[in-house]
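Reader: I am new to this structure. Please show me how to read its features one by one.

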Amino acid sequence: KIHRDLREHGLEKLQDEKKLLLVFLSQQCRGAHNEQADTCKELRHKLSAVEAFVKTHTRIDTSDEETLQHLSLVTGGPHEGANISLVQHSMFAKLGGIIQSTQRQLITPSASALPAPYAANVYFHVYIIANHETYKPDAKQHFDYSKFQQEMEQFRLPRQVFHFVQHKYSMAEDHALAVAYANALRSAVVATLKVDGRFVATKRMYLDSQILQKHLQLLHDHLSSESGDESVNKRDIPIFLFSMDVPLPVFIDKHYQARALDDMVIAVQSDEEEWESHLSCNGKAIVWNLRNPLRSVLAATVHHLAGVLPMHLSYDEAHGKVSQDWLWSVGCSPLSHTASRLANFSLFHVDAAHRNMIADLLSQSLLVAHQRG
């Protein structure tokens with residue numbers, strides 16, 4: 001009875017492998033190139049053999065066990081180490097790559113080098129600095145401040161309290177901000193690869209984040225000292241949004257609408273609502289609404305708060321550097337660069353943020369333990 005059960009289990013396994021072969025052939029061998037033709041031919045031959053064996057052996061004799069083992073695509077024959085086929089090599093290599101990529105991107109996603117310290121009270125200071133009165137920077141269709149609060153509240157831990165404070169300034173009235181903006185403003189010619197394969201040189205206006213950071217930190221420190229709030233276990237996250245109305249769009253460090261620095265977030269808002277970015281998806285250019293920087297501000301703020309990276313970025317341990325896998329840049333999350341409209345975080349991003357906070361707490365605890373030891 002034991003041998004019969006084992007043989008019946010082997011037949012069920014062949015049925016499953018038949019389904020696997022059919023899926024593989026339908027996805028990989030339609031219009032296969034020359035280098036794939038031999039592999040597809042071997043797959044079809046294997047499928048024919050499996051179908052013939054399953055059809056003619058409703059009951060498997062003991063003498064057929066060797067044939068059953070030989071037909072197995074996954075386990076191979078008795079001399080698997082010497083005779084394993086090219087199809088098996090290719091399939092196992094792809095399967096291993098998929099498992100590794102899934103683990104790296106979903107199970108243990110990489111974290112930013114920025115610290116993610118826990119604080120019971122987190123204050124988000126949103127500074128909106130405008131040089132115009134053409135449109136309202138914080139209008140719902142531009143920068144939706146209530147949506148920003150709603151999305152950030154998802155990352156709050158049970159015993160945390162998030163505070164949102166909004167400040168508005170005009171460059172015409174605050175000369176220090178105007179000077180800081182003028183000192184950080186740069187221009188450059190940037191080569192951009194278009195969807196049709198052409199390289200186009202375009203003039204780009206941008207703010208140098210390193211220069212601007214020094215001036216803005218002085219402003220935030222001055223305002224913080226005036227407020228007189230000396231709460232224990234408190235963390236301040238200043239977010240500076242420059243709303244511009246100039247002939248050319250303005251970016252941060254040539255390419256970004258918002259960037260997370262070690263002590264603040266800097267973002268820009270420009271007049272254009274349909275701007276063709278340097279990114280493309282499915283053969284179409286991704287269009288950014290530069291008047292609505294909500295997605296970029298959310299992504300940069302979560303990066304600063306908890307070290308959560310964009311979905312296509314990870315750390316390659318083998319090469320010791322950051323790697324990119326754009327297949328994972330999916331969905332309507334602010335961390336997905338292939339979407340341009342909606343801005344909704346998922347529970348996956350919230351879990352990654354909380355994991356980074358726990359890892360930072362453990363690291364700080366170990367550091368304190370070593371110092372006291």
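Author: This is a predicted model.

Reader: How much space lies in the largest pocket?

Author: Rolling a probe the size of a water molecule over the atoms shows where empty space is left. Here, the largest pocket holds about 950 Å³ of space. Its lining is made of 36 residues. Closest to the centre of the pocket are Tyr256, Ser296, Ala299, Pro334 and His337.

Reader: Which elements give two or more residues to the lining of the largest pocket?

Author: They are β7 (258-260), β9 (275-281) and α9 (294-306). Helix α9 gives the most, with six residues.

Reader: What is the make-up of that lining by class?

Author: Count 16 nonpolar, 14 polar and six charged residues in the lining of the largest pocket.

Reader: You named β9. Which strand does β9 pair with in the antiparallel sense?

Author: Strand β10, residues 284-288, with four bridges between the two.

Reader: Which element gives the most to the lining of the largest cavity?

Author: That is α10, with five residues. The elements giving two or more are α5 (86-107), β11 (313-316) and α10 (347-372). By class, this lining has eleven nonpolar, six polar and two charged residues.

Reader: Now single residues. Is His312 buried or exposed?

Author: Residues under 20% relative accessible area count as buried. His312 has 4%, so it is buried. Find His312 in the loop between α9 and β11.

Reader: Leaving aside neighbours within four places in sequence, what is His312 in contact with?

Author: With those neighbours left aside, the contacts of His312 are Ser323, Gln324, Asp325, Trp326, Ser329 and His337.

Reader: Where is Ala343 found?

Author: Ala343 is in the loop between β12 (321-324) and α10. At 5% relative accessibility, Ala343 is also buried. Sequence and space tell separate stories here. Ala343 and Glu151 are 192 residues apart in sequence, yet 8.4 Å apart in space, C-alpha to C-alpha. Beyond its neighbours within four places in sequence, Ala343 is in contact with Lys147, Glu151, Arg295, Leu298, Cys332 and Pro334.

Reader: Last, a sheet. What is the order of the strands in the open sheet of three?

Author: Read the order as β3-β4-β6, with mixed pairing. β3 (185-193) and β6 (250-252) each have a single partner strand, so one side of each is left without a neighbour in the sheet. On average, neighbouring strands of this sheet are turned by 50° against each other, direction ignored.

Reader: In which sense do β4 and β6 pair?

Author: Parallel, over three bridges, with β4 covering residues 199-207. Met205 stands opposite Val250 in β6.

Reader: Which helix packs on the sheet?

Author: Helix α7, residues 175-184. It touches β3, β4 and β6, and its direction makes about 40° with that of β3.

Terms used
Residues are numbered from 1 along each chain as its sequence is written. This is a predicted model: local features need pLDDT of at least 70, side-chain atom pairs count only at pLDDT 80 or more; totals for chains, interfaces and linings use all residues. Side-chain values use heavy atoms; hydrogens and water are left out. Two strands pair if DSSP finds at least two bridges between them. Axes are lines fitted to C-alpha atoms, for helices over the stretch in contact, and angles run from 0 to 180 degrees between N-to-C directions. Contact means heavy atoms within 4.5 Å. On a 1 Å grid over the protein atoms alone, a cavity is a set of points where a 1.4 Å probe fits but cannot get out, and a pocket is an open set with protein on both sides within 12 Å along at least five of seven lines; lining residues have an atom within 4 Å of a point. Grid points are joined across faces, edges and corners, and a volume is the space filled by probe spheres set on the points. Ala, Val, Leu, Ile, Met, Phe, Trp, Tyr, Cys and Pro count as nonpolar, Asp, Glu, Lys and Arg as charged, and the others, Gly among them, as polar. Buried means under 20% relative accessible area, exposed over 50%, partly exposed in between (1.4 Å probe, protein chains only).
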